[in-house]
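Please go through the sequence and the coordinates before reading on. The report below is arranged by topic.

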Amino acid sequence: MIRSFAKPAAFLSFLGALAACKTPAYQLVDGYMYEQRPGRENENWKLVWKDDFKGQTIDTAKWTRIPPGKSDWNRHMTRDDKCYELKDGLLYLKGIVNPDTSADERPFLTGGIWTKGKFAFQYGKIEIRAKLESAQGAWPAMWMLAEKDKYGKYPKNGEIDIMEHLNYDSIIYQTVHSWYTLELKQADNPKHGGTAVFNKDEFNVFGLKWYPDKIVYILNGRETFTYPRVQGVDASQWPFDQSFYILIDQQLGGNWVGKVKPETLPVNMIVDWVKVYQ
């Protein structure tokens, strides 16, 4: 005869917790986009992706060197090894004076990496530990762009700037951009950016926590600025409901940061690690 026994509540609770631990925090889309599972907003963060740059070369399964473009931020980008160095578990993204303008007429060269087409995520927490060197015209940035054109071309899909630093400033900028802020000029309804004082001469942890209804910026674990999703405004206020990829780049020059002084170069953004949680 088979007898059934009631299972103690504590045992059932343990089984539920065990099942939760085995359930991924995300749903994988197209093999590389990590979309956070619904209802995890109040759960503990789980590490889902990282790079600590311990190898001899940049991991090309995770990153691509950013090619040059025509905008202020990428006009000096290069894939040349001169602007990239891995040493002692640290990635150096360099801004330098171009040593050979006969092959490339640009006066400066800069290094940057992105995860486009290799890793993107929708909602979660990202943290990047790095040290920012200063120079006149230096503009290091950590930011995110939409992996897919869900709402159309830029800026309709939005931009999330984790951190931007200018010249020798003792502050960083933490900002979001979108059609709503740029084209509809709604930069203060709600306020779309803030600044935070950081430790200029040390490594800092830059990041944000991204939820379905808000983006909370953090610096060294401290919350510094929040951009909320608001009701009753144009729908373009919140394009941040899709997967975004990561960009980390040492930029030089442009309308915002100003002219570059070559004598203050080279300059580095030194990256220790990148971690994404959901």
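The sections that follow cover a central strand, the nonpolar cores, the salt bridges and one further strand residue.

## Basis

The structure is a predicted model.

Strand β19 spans residues 267–277. It is mostly covered, with 10 of its 11 residues buried.

Strand β10 (residues 124–132) runs antiparallel to β19 and is joined to it by eight bridges. Strand β6 (residues 90–97) is also antiparallel to β19, with five bridges. Strand β3 (residues 47–51) is joined to β19 by four bridges, again antiparallel. Individual bridge partners can be named for each pairing. M269 of β19 is the partner of L132, and M269 is also the partner of L93. V276 of β19 is the partner of W49.

## N268

N268 lies in β19. It has a relative accessibility of 11% and therefore counts as buried, the limit being under 20%. Its side chain makes a polar contact with the side chain of K94, at 3.2 Å. Beyond its neighbours within four places in sequence, N268 is in contact with Y92, L93, K94, K131, L132, E133 and Q250.

## Nonpolar cores

The largest nonpolar core has 49 residues. Those touching the most other members are M142, F206, W210, I246, I248, V271 and V274. Another core lies apart from the largest one; it has 15 residues, among them I66, W139, A141 and V257.

## Salt bridges

How many salt bridges does a search of the whole structure find? The search finds 10. One of them is between the side chains of R65 and D81, with an N to O distance of 2.7 Å. R65 lies in strand β4 (residues 64–65) and D81 in the loop between β4 and β5 (84–87), so this pair ties together parts 16 residues apart in sequence. R65 is partly exposed, with a relative accessible area of 23%, whereas D81 counts as exposed because its relative accessibility of 54% is over 50%.

K82 forms a salt bridge with D80, and the closest N and O atoms are 3.1 Å apart. K82 is partly exposed at a relative accessible area of 43%, and D80 is partly exposed at 29%. D104 and R106 form a further salt bridge, with the closest N and O atoms 2.9 Å apart. In this pair D104 is partly exposed, at 24% relative accessible area, while R106 counts as buried at 18% relative accessibility.

## I171

I171 lies in strand β13 (residues 171–177). Is I171 buried, partly exposed or exposed? Its relative accessible area is 23%, so I171 is partly exposed. Leaving aside its neighbours within four places in sequence, I171 is in contact with H165, T195, A196, V197 and F198. The C-alpha atoms of I171 and G194 are separated by 10.0 Å, and these two residues are 23 residues apart along the chain.

Conventions
Residues are numbered from 1 along each chain as its sequence is written. This is a predicted model: local features need pLDDT of at least 70, side-chain atom pairs count only at pLDDT 80 or more; totals for chains, interfaces and linings use all residues. Side-chain values use heavy atoms; hydrogens and water are left out. Helices (H or I, at least four residues) and strands (E, at least two) are DSSP runs, numbered from the N terminus. Buried means under 20% relative accessible area, exposed over 50%, partly exposed in between (1.4 Å probe, protein chains only). Contact means heavy atoms within 4.5 Å. A polar contact is a pair of N or O atoms within 3.5 Å; within protein, one must be able to donate a hydrogen and the other to accept it, and residues adjacent in sequence count only if both atoms are side-chain atoms. Two strands pair if DSSP finds at least two bridges between them. A nonpolar core is a set of buried Ala, Val, Leu, Ile, Met, Phe, Trp, Tyr and Cys residues joined through side-chain atoms within 4.5 Å. A salt bridge is a side-chain nitrogen of Lys or Arg within 4 Å of a carboxyl oxygen of Asp or Glu.
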